[in-house]
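Biologist: Could you open the model so that we can go through it together?
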Amino acid sequence: MTRRAIDETLARYRAVRAQTVALAAPLAVDDQLAQSMPDASPTKWHLGHTTWFFEKMVLETFVSAYRPHRPDAAFTFNSYYESLGDRRPRAERSLSTRPTLDEAHAYRRAVDEAIAALSIDDAERALPRLEVGIQHEQQHQELVLTDVKSVLAPQGVAYVERTAERDAGTAPLRFEPFDGGLVEIGNAARDGFAFDNERPRHRVWLDPFAMGSRLVTAGEWLAFMEAGGYDDPALWLSDGWATKKAHGWRAPCYWRESPGGGWIEATMAGERAVVPSVPVCHVSYYEADAFARWSRARLPSEAEWEHALGGIAVGSNLLESGAFHPRAADAHAPIAQARGDAWEWTASPYAPYPRFVPFDGTLAEYNGKFMCNQFVLRGGSCFTPGSHLRPTYRNFFPPDARWQMSGVRLARWR
Ligand SMILES: [Fe+2]
């Protein structure tokens, strides 16, 4: 049984590691070295950091004779682990010209070989850490895409060839009613992975509410813009209004006004006119909140989201679809786009669940210390690996973040 569990985990390890390399493959070397802003990291850094994670958390922890492959990896590729020593500040990651990109790939191969050579005893002890490392690498697969989009999109450069993208017309937005009451959310699975922040399962009281049947579309966002939504302080939170003014926001990230009228959107397949039926994406919490107020609605809480949408497993537009952009909603689905397409901002601050217990040891720094000044997003996106998502999955970003694949689903009181 244990041997089977080890074999299964190592098979997934190989597949996920290969997937990361495959995601970087369409990029030029120069694309992989650029850092567009302090929040985003070069592709080369993601390739190295995910490798350092396995080296530090698995090989150095469980293999007594293991010596690190590169002495500079700990400084260059440690992200935020205070307990693991000095590191290069996040805003300066592109300044690490060594390891080179080729050397970063050699580092990956060396660690992959050491993981493959784990003894049965070491692998068995390391199994929970290997699982965290696999899930961690999948998180960084999404970040490779969001971060490189922030490099390519302002240049109008494509990551993939455009596939057919019909403007299929917009399914009318309905609000599906839910009674609420005393419900349970959070992860209770005994087998199967969950991050510490998804646990424990616990009770929440929900007043009766209604949930939007699909994501907000770019066409609806255009109507918000044309109605002066970006110019009306009554719609905005104070912090949101100040942020909007400071950055000069007039539209979602990666939109620009066409000289001939209308709006152009930079997608992973290059620039094209905004498609009204496709979900809006790359909006901040502040913008999502203002849009909801303008719509005489609100953002759902994460408990409402999980109660209403957690049981809907259907989601075809995840990373594996290769679309790398949200798609128009299926008009026949009672509730569409519950998984994939675009992460959905919730009105819930990212905070610990009742009786939250962080991961042990070094990994206690993984989630818990970020539970301040951020909001929860649910549902995954077209950049999220399908096997990485769970109904209880909690993503989180600060309210001014726009470079993530973030969209909007509305809710209302009943
Ligand atoms: Fe990380």
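Modeller: What follows is a short talk through parts of this predicted model.

Biologist: Which protein atoms are the donors of the iron ion?
Modeller: The iron ion has three protein donors, namely the NE2 atoms of His49, His136 and His140, which lie 2.1 to 2.2 Å from it.

Biologist: And what spacing do the donors follow along the chain?
Modeller: Along the chain the donors of the iron ion follow the spacing H-x86-H-x3-H.

Biologist: How are His136 and His140 separated in helix α5?
Modeller: They sit four residues apart in α5, which covers residues 120-152, so about one helical turn separates His136 from His140.

Biologist: Are those two buried or exposed?
Modeller: His136 and His140 are both buried.

Biologist: Switching to the strands, which way do the residues of β9 point?
Modeller: In strand β9, residues 375-378, Phe375 and Leu377 point one way while Val376 and Arg378 point the other way, and all of these are buried.

Biologist: What does β9 pair with?
Modeller: Strand β8 (residues 343-349) runs antiparallel to β9 and is joined to it by three bridges, with Glu344 opposite Arg378. Strand β10 (residues 395-397) also pairs with β9 in the antiparallel sense, over three bridges, and there Phe397 of β10 stands opposite Phe375.

Biologist: Last topic: where is Arg190, and why does it count as exposed?
Modeller: Arg190 lies in the loop between β2 (181-185) and β3 (202-206), and it counts as exposed because its relative accessibility is 84%, where the cut-off for exposed is over 50%.

Biologist: What separates the C-alpha atoms of Arg190 and Trp305?
Modeller: Those C-alpha atoms are separated by 23 Å, and the two residues are 115 residues apart along the chain.

How values were computed:
Residues numbered from 1 in each chain as written. Predicted model: local features only at pLDDT ≥ 70, side-chain atom pairs only at ≥ 80, totals over all residues. Heavy atoms only, no water. Donors = N, O, S within 2.8 Å, 3.2 Å for Na, K, Ca; no water. Helix = DSSP H or I, 4+ residues; strand = E, 2+ residues; numbered from the N terminus. Buried < 20%, exposed > 50% of the residue type's maximum accessible area, 1.4 Å probe, protein only. Pairing = 2+ DSSP bridges.
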